[in-house]
Amino acid sequence: MLLPLTFAWAAGQLTFAVARTPMSLPIYVAEAEGYFAAEKVSVRIVDCAFGKACLSELLNGKAALCTVADLPIVLASFTTDRFAILATLAANRNDAKIIVRKGDKIRSAADLSGRRVGTAMSTSAHYFLDSAALLAGIDPASMKVSNLQPEDWSAKLQSNEVDAISAFEPYAFNAVRALGSDAVVLPTKRIYTLSWNVVATRGILGDEEHQLDGVLRALDRAVRSIQSDPARAKMLLKSKLGLDDAAIEWMWPDLIFGLWLDQSLISTLEGEARWAVRGGHAHGRLPNYLHFIHEGPLRAVKPGNTAIAR
């Protein structure tokens, strides 16, 4: 693995695998506004469809950094410790949604028992689906869950190949738009806060770690830019992801941008790890998630934004 890992930051340039989601906005802003260059770090952005794919790029030695939600971190942690969480970049309490067709008379998650549900297995949307089912009083195993690529969710629901989808953004919005008046978003309590994290390969920690301070300083500047000029940030998001005003306004109220590490992340990872073992999605002893937190760069940039109990 030495050659591909070295290539991930060859010639002083960090390859950053970034998922195409609104939660990656601070990275897009930092790139567009030249904040990485201003901090004297060279970053090459590589797009991927969602966080699980980005983490795979990192673990395969093709990226030094990636964006990823909490659940793929948990599932990877059972088989490898070759990565570390540097910071949480965004959070969303309403990212995942269960969408059905109006004519199918599915009114709540309790009605999904025996139904065909499409999602992306081992992602935040999958965890959300199981959590919603349990909260509604049904066994997640009673649903007929199929593993679908996010870009296929809308078409599969429209063509009646599944009765429901559990989707994260922006794919949830795309499905609602495609179905039009036939779309129903099931009412679910905000049972899960998704964290969007910046993760680094452990190979870059130590001698090369000074570059990570610069990356986080650039992202901190980007967050402050989003907060001070949201209209400009929205325009960039529209351009970068090909979204229109309706899509932006649908998602924007639920987005929380920042740069932090706190104990709630550890609690979420531990809860998801227990879920993964119960459901047969992972095997073995629960990892110690303190081992996966690397606070040094964030402490250097935002010393008041770390609150991890060790």
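Predicted model: local features only at pLDDT ≥ 70, side-chain atom pairs only at ≥ 80, totals over all residues.

Me: Which helix gives the largest share of the lining of the largest pocket?
Reply: A pocket is an open set of points on a 1 Å grid over the protein atoms alone, with protein on both sides within 12 Å along at least five of seven lines, and lining residues have an atom within 4 Å of a point. Among the lining residues are His 126, Asp 130, Leu 134, Trp 275 and Arg 278. Helix H6 (124-136) and helix H12 (263-278) each supply at least two lining residues, helices being DSSP runs of H or I with at least four residues and strands runs of E with at least two, numbered from the N terminus. The largest share, three residues, comes from H6.

Me: How much space lies in the largest pocket?
Reply: The lining holds seven nonpolar, three polar and two charged residues; Ala, Val, Leu, Ile, Met, Phe, Trp, Tyr, Cys and Pro count as nonpolar, Asp, Glu, Lys and Arg as charged, and the others, Gly among them, as polar. Volume here is the space filled by probe spheres set on the points, with grid points joined across faces, edges and corners. For this pocket, that space is about 220 Å³.

Me: What is the volume of the largest cavity?
Reply: A cavity is a set of points where a 1.4 Å probe fits but cannot get out, and a search of the whole structure finds two of 30 Å³ or more. Of the 19 residues that line the largest cavity, the closest to its centre are Phe 50, Gly 51, Ser 124, Phe 168 and Trp 196. H4 and strand E10 (194-201) each give two or more residues to that lining. The volume of the largest cavity is about 130 Å³.

Me: And what is the volume of the second largest cavity?
Reply: Its lining includes Asn 92, Arg 93, Phe 128 and Tyr 192. By class, that lining has four nonpolar, two polar and two charged residues. The second largest cavity has a volume of about 40 Å³.

Me: Are H5 and H12 parallel or oblique to each other?
Reply: Their axes, lines fitted to C-alpha atoms over the stretch in contact, come within 9 Å and cross at roughly 60 degrees. Angles run from 0 to 180 degrees between N-to-C directions; under 35 degrees counts as roughly parallel, over 145 as roughly antiparallel, 65 to 115 as roughly perpendicular and the rest as oblique. H5 and H12 are therefore oblique.

Me: Which residues of H5 make the contact with H4?
Reply: The axes of H4 (residues 51-59) and H5 (residues 70-77) come within 9 Å and cross at roughly 40 degrees. Contact means heavy atoms within 4.5 Å. From H4 come Lys 52, Leu 55 and Leu 59, and from H5 come Pro 72, Ile 73 and Ala 76.

Me: Which residue does a cis peptide bond join to Glu 169?
Reply: The residue sits in the loop between strand E8 (164-167) and helix H8 (171-179). Omega is about 5 degrees for this bond, and the partner of Glu 169 is Pro 170.

Key
Residues numbered from 1 in each chain as written. Heavy atoms only, no water.
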